[in-house]
Amino acid sequence: MEIIISNSSGVPIYEQIKEQIKTQIVSNELKANELLPSIRTLAKDLRCSVITTKNAYEELVKEGYVTNIPSKGFYVAEINQEVVLEELLNKIENLLDAAVRIAKKNHIERTMIEERLDILYEEES
């Protein structure tokens, strides 16, 4: 499991850890029922406090991405793919909302945005 922390991003470290683990779960890099590193091991690997990694794991448990089995550790939870899809669509909608605001503010036609979206979609295929 690879996690990269930025001390200059302005985002709390526990939030960075949580989001990166969540992204790896949603993308299926981390599989259901897979054991995650212990809180202490992750803290040592990332050179951050145990409290920071504990907070990240607790948030992941609250959000349903991770389960905690006492005396055994933290495991990737079975997640509902419909919930994952909804979360991804919300992220996309937020990004598109920002793009539309920029386009409208600068009087850029919708067709020009659609053309670029089509190009980007084709490049990723």
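**Stop one: a surface patch**

Select Leu85, Leu89, Ile92 and Leu96: together they make a nonpolar surface patch with about 360 Å² of accessible area (Shrake-Rupley, 1.4 Å probe, only the protein chains shown counting as cover for residues). Patch members have over 30% relative accessible area and no salt bridge, with like charges joined within 9 Å and nonpolar side chains (Val, Leu, Ile, Met, Phe, Trp, Tyr) within 5 Å; a salt bridge puts a Lys or Arg side-chain nitrogen within 4 Å of an Asp or Glu carboxyl oxygen. Leu85 sits in helix H4, residues 81-105.

This is a predicted model, so local features need pLDDT of at least 70 and side-chain atom pairs pLDDT 80 or more, while totals for chains, interfaces and linings use all residues. Numbering starts from 1 along each chain as its sequence is written, and side-chain values use heavy atoms, without hydrogens or water.

**Stop two: the largest pocket**

Now pick Leu96, Ala99, Val100, Ala103, Lys104, Ile108, Arg110, Ile113, Glu114 and Leu117, which line the largest pocket. H4 and helix H5 (110-123) each give two or more of the lining residues, and H4 gives the most, with five. The lining has seven nonpolar, no polar and three charged residues.

**Stop three: zoom out**

Colour by secondary structure: the chain has five helices and two strands, in the order α-α-α-β-β-α-α (DSSP runs, H or I of at least four residues and E of at least two, numbered from the N terminus). Along its principal axes, the C-alpha trace spans about 60 × 35 × 25 Å.

Definitions and conventions:
1 Å grid on protein atoms, 1.4 Å probe; cavity = no way out; pocket = protein on both sides within 12 Å on 5 of 7 lines; lining within 4 Å. Nonpolar A, V, L, I, M, F, W, Y, C, P; charged D, E, K, R; others polar.
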